[in-house]
Amino acid sequence: MAHPAHTLFLPHPHNNHKAKILWPRSVMVLMGLYIMGRSIIDITVGLLPGVLGYASQIDPAKVVELTNNQRLNTGLEILRQNPELDQAAAAKAADMFADNYWAHVSPSGTEPWYFVTNSGYKYQHAGENLARDFSNPKDIVSAWMASPTHRKNLLDGRYRDIGVAVMDGYINGVETTIVVQMFGTPQTSVARIASADVVNPKSAIASEKIIPSSGLSPLDLNKSWSLAFVILILGALSMDWIFVLRYNIVRISGDTWAHLTYFAGMAVILIIIRQGIVI
C-alpha cells in the first residue's frame, strides 16, 4: 500500500502514474484554496487593519545616500538633504493617502509643486519621483535608475537639494508604502517647473506611522501565498517529468512540458513584481 504522500506528489501505480496533486480535481481544489487565502487576507486588512499593520523599515537618509552615489558615479555633484523638501515630500505622501490616489497630480488637480511651495522652498527647478511597495532603499533607487524618466530626474544636473519621505497607509483598501523623492534648485525668484516623474513604495518620518506595527505586511503575505502555490505546482510538475523520463512511463495525459513552461512563467512574473512597481 502506497503512502498517501507518495500518491499525492509522485507518479505511482496507485495514482495511474500521475501525482494526485496534478489531477484536474486537485487543481480545482488548490485554486479554491488560493482564492480563499487571498480573500481572508484582504478581509482581515479591511476589518482589522491593525492586525496586519506594519511600519516600513526604509530609511529616507539611505535613499538620499544611494541617490547621491548614482550621481557621483556620473560625475555630478551630490544633493543636500533639505528639511523643506523633506516636509514637502511628507505632505505629498499624506495627501495621496488622504485622497486615496497614486499619481503625481491629485484627483482635485493639486500638483507636486504645491507641496514644495507650501513648505517654504522657493525653487527655480523642481522634480518628483514616486515609488511604492518596495522593501529596501537599494531596490527603490535601482528601479528609478532602470526607468528613463526617473533616471533623468535623479541625474538632473540642475538640482541642488533633495527631500525624501516614506509613509505607510492604505490606497484603495490595500496597505502600501509610498516613497516620495523631491528635487529642487533654489532661487530668489520662482521660475516655471522643469519636470516631474513618479514610481511605487513606503514611508514618512518615523513618528508619522499611520497604523500600529505588528511586523506583518499584507502585500508580502499575498505575494508569499501566491509564490507558495506556484512552487507547489511547479515542484509537482518537475517530479512528474523526472519520473516519466527515468522510468519510461507511458500514459495518456497532457503535455508536461507545456504545463511546466506555463507555471515557470508564473514564477518569473511573481519574482518580477516581488519588489514593487514603477509608474
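Let me begin with a convention: rings of Phe, Tyr and Trp (for Trp, its six-membered ring) are paired if their centres lie within 6.5 Å, and planes under 30 degrees apart count as stacked, those over 60 as edge-to-face and the rest as tilted. What we have here is a predicted model, in which local features need pLDDT of at least 70 and side-chain atom pairs count only at pLDDT 80 or more, while totals for chains, interfaces and linings use all residues. Residues are numbered from 1 along each chain as its sequence is written, and side-chain values use heavy atoms, with hydrogens and water left out.

With that convention, a search of the whole structure finds two aromatic pairs. One joins Tyr114 and Phe115, whose ring centres are 5.3 Å apart and whose planes stand at 80°, so this pair is edge-to-face. Taking buried as under 20% relative accessible area, exposed as over 50% and partly exposed as in between, with a 1.4 Å probe and protein chains only, Tyr114 is partly exposed at 44%, whereas Phe115 is buried at 6%.

The rings of Tyr159 and Phe183 have their centres 5.2 Å apart and their planes at 15°, so they are stacked. Tyr159 lies in the loop between helix 7 (148-154) and strand 3, and Phe183 in strand 4, so the pair ties together parts that are 24 residues apart in sequence; helices (H or I, at least four residues) and strands (E, at least two) are DSSP runs numbered from the N terminus. Both Tyr159 and Phe183 are buried.

Thr67 is buried, with a relative accessible area of 0%, and, leaving aside residues up to four places away in sequence, Thr67 touches Leu79, Val141, Leu154, Ile162, Gln181 and Phe183, where contact means heavy atoms within 4.5 Å.

Now to the interior. A nonpolar core is a set of buried Ala, Val, Leu, Ile, Met, Phe, Trp, Tyr and Cys residues joined through side-chain atoms within 4.5 Å. The largest one has 22 residues, of which Met96, Trp102, Val116, Tyr123, Ile178, Val180 and Met182 touch the most other members. At least two residues of this core come from each of helix 4 (83-99), helix 5 (112-118), strand 2 (123-132), strand 3 (161-171) and strand 4 (174-186), and helix 4 gives the largest share, seven residues. Apart from this core lies another, of 20 residues, including Val63, Ala131, Ile162 and Val179.
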